[in-house]
Amino acid sequence: MVRLMTEKRFPAAFKCYHNFHKINSVSSDSLHFKMVIHVHSDSAFRRYQKEMRHNPGLWPLYRGFFVDVNLFKNNKGIAAESSQEVNYGSRTNAKDGLANEDANLMIKLKFLTYKIRTFLIRNGLPVLFKQGEAAYKAYYLRQMKIWNTSAAKQRELSRMLDDWAVYIRETYGHEQLSSFSYLSEAEPFLEQYAKRSPKTQALIGSAGSLMRDLAIIEGSRGKERDIVPSSPTPMVKEVIRKDEGLIVFFPGIPGCAKSALCKEIMSAPRGLGDDRPVHHLMGDLFEGKYWGMVAEKRGKEPYSVILADKNAPNRGVWRQIEDMCRRTKASAIPVVPDSEGTESNPFSLDALAVFMFRVLHRANHPRNLDKSSPHAGYVLLKFYDLYHGKNRNEFEAELIERFGSLVKMPLLEPNRAPLPECVRSTLQKGLDLYGRLKPTQDTYSEWPEWETQLRETLLQNVEYLNSIQVSFESSVESVLKQLKAVVKGEYTTPNTEQPSFGTIVYAAVNLPVSSFLALLDTLDGQDPKVEGFLKDKDLRSSLTQAHLTLAHKRSHGVTAVANYGPYVNKNVPINMNALLFSEKSAALEAEPGVVDGEKLSSKNEWPHVTLWTAKGVAAKEANVLPRLLAEGKATRVEINPPITITGVLRVFLNFVLVGLASLIFYFNFVSCLC
């Protein structure tokens, strides 16, 4: 499997580390490693399945899993031991072509179960939290049926998954656990479940500290070199088959120029570089269910290329496209406007300003979304809000995960001047207004003033808005080049810049939300300024978590974060001294207390707990509240005497929450490297 994937340049990483869990077994004649295999793109699975048809002896391939590698000299004692162990954990034999490469070396590979974590636990989280335990049970039984899991194994897994469902629902209630942090809860649960009996240990495989330690190693080592063939081999191109169809679709916002782009693709010589017919289906010209119409067209011409000229802003649409691809033998390529995004939206305010500017300068739009529309700004805010909840990295990573590729349409000049404050504040006012009036968004009574302000502001900044856009001709050229590369198999997965799995990020004290709601209720009744601020804010719905950051790797360095290691999982009293708020954010001024006789302090210049930010405003903007207070743009309300709220200190990874034992392991490992 490893040789095949490296020789044919599959989009996957093979990274090896010393296996410190076997440290007592290491000698000059026997070395133990842990190989982490991570498949980066869905295209690898399609290519691998073709190879499996020709070579049934290949291992099955999963998104990510671990392999134990034992490299040792072939002497009688170790060889005899290996011959006994290999029957238990290895699927490698002579016919697989790995056993006889070197007379003095033997390799033992043991597959560590990962399907449970990925498919039955992580992928089942939305079903469990949104539809309940019965629906979750139906989900995982259906998944096991697809895998042709034996009845006995289904019973074993069902017992474990039922216990997991009860455990995680009791822990989180109705607040869904993130798919990016699920291992922080799943691994401790699986570790304890595995200890029940040898049978449950065999069912679960490695769990708990092993998984967390590997995550720490992955983060501490920085960017690792993937294993590559010792001699260069030609790139094997995964060409989109000509006996299959293709759907090009657009997760964008009105004004992103998708219709103009589709027209350019239609007029390009030879289209996307092959002879398949290309059809441009413009959503604004069709009544009824657009995606049903696309599916009908796909059924009539299964080998055609469909340019699905309609904004596809959410997972519901993406699932329809995925289902359509499965039913009609097609691939799909998302084309997205390139933008830095914000912490909670894949599109920046700069991009939103350009989209609005374009819409308000066009005429005779089929759906009347142009300069003649009195509600054009509102409509674009509505589309912008559909993407809320994902930053750019998460947005791109999910599209690549689902469809195996991503094409970026250049939009903004990289070296542009900052967005003028008048434009930014106008957009922010609209986002605030949209958030406040969302429950009654069918009435436009409060929007005319803002719509007028938007038009006047954009008109005053025409020169700026024109200057920050990449020329349409170069955008078209770039998109066509990328699309043709995907079709020909020359596509390289773009770097979504997601942080490495397991990198230490920050230390913080997790605090109970209920205590803050009670504190705000008290302040609301005592101070009219607080009452006026809170009257139109539903913090009971929006405040879902609270923490006091002590140190962040980006600002203070990993050593500063690590210094809190001795206090991980300990209770920390936090004094709340004052409430500060402005039009865009609110936070409590906080002071850590004493733990084990030691006074803790935060590395932040202004230690605080963020309680609220306006729509589209990042949580980090609360850091400027003291400056705004000095400028007379924020309000401070003293809490006298201070209120003490106690929380638990945690050290956070990108995806995994770790405890003290794992932190100690991390520094032991770094010490070994030094």
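Axes in this tour are lines fitted to C-alpha atoms, for helices over the stretch in contact, and angles run from 0 to 180 degrees between N-to-C directions. The model is predicted, so local features need pLDDT of at least 70 and side-chain atom pairs count only at pLDDT 80 or more, whereas totals for chains, interfaces and linings use all residues. Residues are numbered from 1 along each chain as its sequence is written, and side-chain values use heavy atoms, with hydrogens and water left out.

**The whole chain**

Of the 674 residues, 49% are buried, where buried means under 20% relative accessible area, exposed over 50%, and partly exposed in between (1.4 Å probe, protein chains only). The accessible surface is about 33100 Å², and 51% of that area belongs to carbon and sulfur atoms; the areas come from the Shrake-Rupley method with a 1.4 Å probe, and for residues only the protein chains shown count as cover. Among contacts (heavy atoms within 4.5 Å) between residues at least 6 apart in sequence, 77% join residues at least 24 apart.

**Stop 1: α14 and α18**

Select α14 (349–359) and helix α18 (residues 448–460), whose axes come within 11 Å and cross at roughly 95°. The two helices are therefore roughly perpendicular to each other, in a scheme where angles under 35 degrees count as roughly parallel, over 145 as roughly antiparallel, 65 to 115 as roughly perpendicular and the rest as oblique. Showing side chains brings up Ala 353, Met 356 and Phe 357 of α14, which meet Trp 450, Leu 454 and Leu 458 of α18. By class, this contact has six nonpolar, no polar and no charged residues; Ala, Val, Leu, Ile, Met, Phe, Trp, Tyr, Cys and Pro count as nonpolar, Asp, Glu, Lys and Arg as charged, and the others, Gly among them, as polar.

**Stop 2: α13 and α16**

Next select helix α13 (residues 315–328) and helix α16 (residues 392–403), which pack at an angle of about 20° with their axes 11 Å apart. That angle makes α13 roughly parallel to α16. The crossing is right-handed; a crossing is left-handed if the near helix is turned anticlockwise from the far one by less than a right angle, and right-handed if clockwise. On the α13 side are Arg 315, Trp 318, Arg 319, Ile 321 and Glu 322, and they meet Phe 395, Glu 398, Leu 399, Arg 402 and Phe 403 in α16. The class count here is five nonpolar, no polar and five charged residues.

**Stop 3**

**Stop 4: α6 and α7**

Move to helix α6 (residues 133–146) and helix α7 (residues 151–172), where the axes come within 11 Å and cross at roughly 150°, in a right-handed crossing. Residues in this contact include Tyr 136, Tyr 140 and Met 144 of α6 and Leu 157, Leu 161 and Trp 164 of α7. By class, the contact has nine nonpolar, two polar and four charged residues.

**Stop 5: single residues**

Select Gln 428 in helix α17 (residues 421–437), which counts as buried at 5% relative accessibility. Leaving aside residues up to four places away in sequence, Gln 428 touches Leu 349, Lys 584, Ala 614, Lys 615, Gly 616 and Val 617.

Asn 364, in the loop between α14 and α15 (376–386), has a positive phi near 60° and is exposed, with a relative accessible area of 75%. Asn 569, in the loop between α25 (558–562) and β12 (571–581), has a positive phi of about 75° although it is not a glycine, and at 44% relative accessibility Asn 569 counts as partly exposed.

Finish with two prolines. The peptide bond from Asn 640 to Pro 641 is cis, with omega near 0°, and Pro 641 is in strand β17 (residues 635–653). Pro 60 is found in the loop between α2 (43–54) and β3 (64–73) and is partly exposed, with a relative accessible area of 25%; its C-alpha atom is separated by 9.7 Å from that of Phe 45, 15 residues apart along the chain.

Note on methods
Helices (H or I, at least four residues) and strands (E, at least two) are DSSP runs, numbered from the N terminus.
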